[in-house]
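Please consider the structure shown below.

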Amino acid sequence: MTMPMYTRAVVVGAVGLALVGQATVRAAPATVPPEQPAIGSTQAVYAAFTLNLIRFVTWPETAFADPAAPLVIGTFPRDPINEHLDAAAAREKDTDRPIRPIRLQSLDDVTKCHVIFLPKSHARQGAVLRRAAGKPILMIGDADGFLERGGHVRFESEPSQTRLRISVENLKASGLTGRSQLLRLAAQ
């Protein structure tokens with residue numbers, strides 16, 4: 001017997017991006033220095049959302065080796081989000097922990113992460129989600145059916161907006177807690 005999945009959605013257009021985080025997402029100037037890629041591509045928006053989402057999720061204390069341990073964000077080699085995520089993480093100053101992006105080389109690397117961005121183009125999505133199941137690893141992706149297979153946050157992109165779908169049940173099953181601000185936004 002399958003139980004219905006309770007999800008919440010957040011619809012964010014170009015103006016609403018700032019609601020999700022403090023300052024990582026903003027309108028790009030006409031010319032952008034090389035160290036700050038323009039927010040315009042889907043991958044840049046996904047990278048900004050990923051970094052902003054970590055402010056609204058609480059991990060159990062046991063998810064970190066010690067209070068100074070970094071929050072590790074895993075992506076896969078050749079994922080188009082990498083360049084944007086690395087640049088944005090290098091500038092990130094508003095979190096309690098340092099942020100360290102890594103490239104996942106094998107399924108064994110999954111459990112080294114606190115967050116994983118899993119693109120719809122990744123051939124082994126099911127295996128990655130199974131490896132992360134029940135562990136305090138925030139799984140973010142953009143594939144159809146991502147939440148139904150165990151993901152926590154799904155990005156749905158349209159030309160003028162990005163919609164977030166959040167599975168509260170999957171967060172709880174992984175030992176993660178969505179802060180009230182995230183759940184309030186998701187309820188709108």
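## Strand pairing around β7

In this predicted model, Ile 140 stands opposite Val 153, a residue of β7. The strands concerned, β6 and β7, pair in the parallel sense, with 2 bridges between them. On β7 there is also a pairing with β8: these two strands run antiparallel and are joined by 6 bridges. Within that pairing, Arg 154 has Arg 165 of β8 as its bridge partner.

## The nonpolar cores

Ile 140 and Val 153 also belong to the largest nonpolar core, which has 30 residues. They are among the residues with the most contacts inside this core, together with Leu 51, Trp 59, Val 115, Leu 138 and Phe 155. At least two core residues come from each of α2 (42-53), β3 (71-75), α3 (81-91), β5 (115-118), β6 (138-141), β7 (153-158) and β8 (161-167). Helix α2 gives the largest share, 6 residues. In soluble globular proteins, nonpolar side chains tend to be buried together.

Which residues does Trp 59 touch, not counting those up to four places away in sequence? They are Ile 54, Phe 64, Leu 71, His 114, Val 115, Pro 136, Leu 138 and Leu 176. Another core, of 17 residues, lies apart from the largest one and includes Leu 104, Cys 113, Ile 137 and Phe 146.

## Helix α4

Helix α4 covers residues 125-132, and its buried residues are Gln 125, Ala 127, Val 128, Leu 129 and Ala 132. These buried residues pack against the strands β5 and β6. Just after the helix, Gly 134 adopts a positive phi of about 75°.

Arg 149 lies in the loop between β6 and β7. Because its relative accessibility is 40%, Arg 149 counts as partly exposed. Although Arg 149 and Gly 126 are 23 residues apart along the chain, their C-alpha atoms are separated by 7.4 Å.

Beyond four places in sequence, Arg 149 touches Gln 125, Leu 129, Ala 143 and Asp 144. The side chains of Arg 149 and Gln 125 form a polar contact of 2.5 Å, and a polar atom of the Arg 149 side chain lies 3.1 Å from the backbone oxygen of Asp 144.

The side chain of Glu 156 makes polar contacts with two arginine side chains: that of Arg 154, at 2.7 Å, and that of Arg 165, at 3.2 Å. With neighbours within four places in sequence left aside, the residues in contact with Glu 156 are Gln 161, Thr 162, Arg 163 and Arg 165.

## Confidence of the model

The mean pLDDT of the protein chain is 78, and 74% of the residues score at least 70. Confidence is highest in β6, at 96, and lowest in helix α1 (residues 17-20), at a mean of 34.

Over residues 1-39, pLDDT stays under 50, and the model has 80 contacts beyond four places in sequence for this stretch. Where pLDDT is low, the predicted coordinates should not be read in detail.

Methods
Residues numbered from 1 in each chain as written. Heavy atoms only, no water. Core = buried A, V, L, I, M, F, W, Y, C linked by side-chain atoms within 4.5 Å. Buried < 20%, exposed > 50% of the residue type's maximum accessible area, 1.4 Å probe, protein only. Helix = DSSP H or I, 4+ residues; strand = E, 2+ residues; numbered from the N terminus. Contact = heavy atoms within 4.5 Å. Pairing = 2+ DSSP bridges. Polar contact = N/O pair within 3.5 Å; in protein donor to acceptor, adjacent residues only side chain to side chain. pLDDT = per-residue confidence, 0-100.
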